[in-house]
Amino acid sequence: MAVANLSADAPPYAPPMARPGFGKRSAPGQAPRRADDFAHLPAREASIASYLDRLPEGAAMDVKTLAKELAAYGQQAIRTALNYLVRAGYLFRRREPVGEGRTQWVFRTYFSRTPRNDAWWKRFLKGDAPPERVDATPEPEPVPDPVPAAQPPARSRAYKTLAMLGRTGDRRVTLSASECAQLEPLVAEWFARGAGEADVVRAVSSGLPPEVHCAGAFARRRLIDKIPPEPFHEPADLPGPAPAADRPECESCGVPGPPEAFSEGLCRPCRPPFLRFDAGDGDVDPAYAEEIHRRAAGIRESLYRRRPGDVLNRKSTRKRSKN
């Protein structure tokens, strides 16, 4: 798979928007966004809260929509996490009548990056901290159909790795379902080149900037820039060193080597001094040869002086001198 085809500009991720008057409403007076805004929350709640924080005003925040967008969680997990965020002060749901002569009731959902206590939300409802103005056209929230949910399709290894980035890596790179589907071929190419899930998570989630505005585009850039090289194999016919079993060895130390490195079966460090001359096999060091000749001459001279005839001559010489 060519990386050039995968690096083509993909359309920017656009989250589903709710009907006018519904969807996300940001509470006023929030602190600036930081990397550790939700670090104290459990992994699942922190991942979902980070995704909600990046949603624009008016984005759909109902359970069914979030379950479709966040591939790592189902509807029950989303519902449990939203209830946790409500108790923690990040979400607030307000039940209001539709009005205009209608008897229906709807819920307004507010999100605050900065957690608020119940007293703050009550003042907020009274108008002490007025919310930002939105176009309010009340519509009842859709009622889920009482039909059994269809079985989710089987997902590939690459898709599951991307869907779990918000939990196994960093919550700031939590990806939506469409982003996982767009990046799935690129991660599959990583796996084809010998990489594993841990390599993908480390490449995408390590060294993050303080704020990630678009997790999908950020992950795409990281996966393209850090993709490992294609595997390659050296030709099998390249000459290599001969096996140690086929090479001669020194009879003293057992070190293998080429045949020319041995003299009388011994390597150079193991040879006696008179065989260490490098002029050729069998040659003797001239200095050592001269020493041998000198010692041999001394031995011959001593033997010559001690011959039996010389001894007899010395005895007869002594007798004549006495007479």
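The model is predicted, so local features need pLDDT of at least 70 and side-chain atom pairs pLDDT 80 or more, while totals for chains, interfaces and linings use all residues. Residues are numbered from 1 along each chain as its sequence is written, and side-chain values use heavy atoms, leaving out hydrogens and water.

Of the 323 residues, 33% are buried (buried means under 20% relative accessible area, exposed over 50%, partly exposed in between, with a 1.4 Å probe and protein chains only).

Take helix α5, residues 118–126: its buried residues are W120, W121 and F124. They line one face of the helix, because they fall within an arc of 95° seen down its axis (the arc uses directions from the helix axis to the C-beta atoms). On the face turned away sit the exposed D118, K122 and K126.

Now for the salt bridges: the whole structure has 12 (a side-chain nitrogen of Lys or Arg within 4 Å of a carboxyl oxygen of Asp or Glu). Here are some of them.

| Pair | N to O distance |
|---|---|
| R33 and D53 | 3.0 Å |
| E45 and R44 | 3.1 Å |
| E189 and R193 | 2.9 Å |

R33 lies in the loop between β1 and α2, and D53 in helix α2, so their pair ties together parts 20 residues apart in sequence. R33 is partly exposed at 30% relative accessible area, whereas D53 is buried at 6%.

Definitions and conventions
Helices (H or I, at least four residues) and strands (E, at least two) are DSSP runs, numbered from the N terminus.
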